[in-house]
Amino acid sequence: MTPEDRFPGPEHPHSGPRHQPDLDVLPYGTYYEPDPANGYPAPSYDGETYDGETYSGYGGARYLEQHWPADGQGHTVHAQGIGMDQAPVFSHQGQGGYEEHPGYEGQEQGGYDGREQGGYEEQPGYDGQEQGGYEGQEQRGYDGQEQSGYEPTLPDQPSPALQLPGRDDPPTIELGPPLPDPAAPTYPYPAPGPGEPPGPVYVVGDVHGYLEELRAELRHQGLIDADGHWSAGRARIWFLGDFTDRGPDGIGVIDLVMQLAAEAAAAGGYCRALMGNHELLFLGAAKYGDEPVQSTAGTASFLAAWRLNGGQQNDLDRLEAHHISWLSRLPAMAVEDGHLLLHSDTTAYLEYGESIPDVNDAVHSLLADGSVDEWWDCFRRFTKRFAFRGDAGPLAVHELLDTYGGSRIVHGHSPIPYLTGAVHNDDGQPPHIPGPYVYADDLAVAMDGGVTMEGRLLVARLPIG
């Protein structure tokens with residue numbers, strides 16, 4: 001872990017002082033200060049449209065859009081029946097509507113296992129009894145000769161089972177709608193109308209439980225209204241991960257993002273999120289607690305590491321099954337309008353697959369079936385940082401872009417004051433963060449404004465610069 005991942009946050013209900021860990025780094029890159037937002041609708045596109053494809057494992061937010069209903073005004077209808085004191089659940093629960101069929105699990109079904117079925121009769125002469133005409137004797141009616149009592153069924157006579165009152169023909173099955181054209185474009189959100197471009201794309205840096213700061217910045221950008229509801233129409237928002245720890249209300253942040261995901265889908269846009277290393281740490285603390293794991297620093301546990309890195313007991317106490325389900329489905333990476341979106345500034349993603357779907361599937365499979373040591377190894381890998389800084393930084397960026405697509409990386413994880421060396425100001429004032437930080441030969445954009453160290457929570461519209 002780096003120094004930033006060793007300092008716990010405040011354990012009380014208000015923000016309180018924010019620790020400023022010491023880390024010596026060299027400055028590389030330039031800042032970008034976005035123009036003040038004028039609210040949504042956004043300024044015109046000047047005839048330009050975004051035609052980049054979107055690749056992601058959609059996961060939690062996409063699942064929420066489909067299963068969390070919204071009323072006619074686009075506001076979320078919250079699910080009922082989940083108590084606040086319900087403990088986190090990591091078991092596989094049965095799907096609603098599943099019913100066992102009669103005779104399942106070893107129960108006998110009528111006519112099975114040798115039992116007589118209705119209408120079956122043994123013929124005389126069976127079990128060794130002599131049958132008339134057998135053993136070379138001529139059988140009456142064989143070779144085309146008519147047998148006594150035999151009446152052939154004519155092919156033009158329908159089965160009695162198909163005889164319906166008032167009709168002579170058997171019923172027909174209505175065909176469904178025609179299959180969609182496989183060559184037609186697909187959208188992970190409602191398709192735009194004729195001549196209508198997709199909505200603008202926004203990215204949100206690390207939040208770390210600072211709910212009020214998040215609401216204020218989303219409101220400033222015109223993405224939510226005064227009541228905290230989605231007001232951005234067809235806009236698209238990606239959160240870059242790390243919702244919890246250090247700040248006072250991580251569960252409140254998760255609830256807001258889940259709410260906006262449902263409301264945005266109802267309005268024709270979407271709100272999605274990536275999985276950060278603190279999501280892995282939070283889920284691990286809830287699932288494994290003090291169970292020991294093998295760490296390079298000796299024996300450790302998820303719960304101890306979570307507390308050391310700013311875990312708030314109030315968040316763990318309020319964690320419910322639907323939070324766990326949503327967090328576990330978040331993708332690790334995505335491409336949006338030519339931007340490769342990651343949480344961590346590391347090349348560790350390459351160790352989980354050579355395509356975005358492969359990486360996301362690998363992480364999801366690990367969370368579903370992995371051991372505690374495999375979870376810990378994944379958390380450790382995605383906690384690495386600073387791969388895009390320095391002289392070798394552009395090469396690392398190119399390696400990821402060449403593998404997964406996109407022309408620029410946008411990431412969170414490493415606070416901008418670490419990347420610029422502005423952690424400690426001579427006058428003792430908090431670091432000045434004017435906006436996203438562009439570096440690595442303009443190939444990387446850092447979005448963690450250091451809200452945990454009295455910096456700034458960043459929300460920016462793409463493209464930057």
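What share of the 465 residues in the chain is buried? I looked this up first: buried residues make up 45% of the chain. I call a residue buried under 20% relative accessible area, exposed over 50%, and partly exposed in between, using a 1.4 Å probe and protein chains only.

**Ground rules.** I am working with a predicted model, where local features need pLDDT of at least 70, side-chain atom pairs count only at pLDDT 80 or more, and totals for chains, interfaces and linings use all residues. Numbering runs from 1 along each chain as its sequence is written, and side-chain values use heavy atoms, with hydrogens and water left out.

**Overview.** I find 11 helices and 13 strands in the chain. These are DSSP runs numbered from the N terminus, helices being H or I of at least four residues and strands E of at least two. I then looked at contacts, meaning heavy atoms within 4.5 Å. Of those with a separation of 6 or more, 78% join residues 24 or more positions apart.

**Helix 2.** I went through residues 211-220 and found Leu-211, Leu-214, Glu-217 and Leu-218 buried. They share a side of helix 2 because they cover an arc of only 130° around the axis, taken from the directions from the helix axis to the C-beta atoms. A reminder to myself: an α-helix has 3.6 residues a turn, so residues three or four places apart point the same way. The buried residues of helix 2 pack against strand 3 (201-204), strand 4 (236-239), helix 3 (250-267) and strand 13 (459-462). After helix 2 comes Gly-222, with a positive phi near 75°.

**Strands 8 and 9.** From strand 8 (residues 333-336), Met-333 and Val-335 point one way, Ala-334 and Glu-336 the other way, and all are buried. Strand 8 pairs with strand 9 (residues 339-342) in the antiparallel sense over four bridges; at least two DSSP bridges are needed to call two strands paired. I see Val-335 opposite Leu-340. The hairpin has two residues between the strands, and Asp-337 there takes a positive phi near 50°.

Phe-386, not a glycine, has a positive phi of about 70°. I place Phe-386 in the loop between helix 9 (372-382) and helix 10 (393-404), buried at a relative accessible area of 16%. Ala-440 also has a positive phi, near 55°. Ala-440 lies in the loop between strand 11 (437-439) and strand 12 (444-446), and is buried at 8% relative accessible area. The peptide bond from Leu-462 to Pro-463 is cis, with omega near 0°; Pro-463 is in the segment after strand 13.

**His-364.** I found this residue in helix 8 (residues 356-369), partly exposed at a relative accessible area of 22%. His-364 and Leu-330 are 34 residues apart in sequence and 8.3 Å apart in space, C-alpha to C-alpha.
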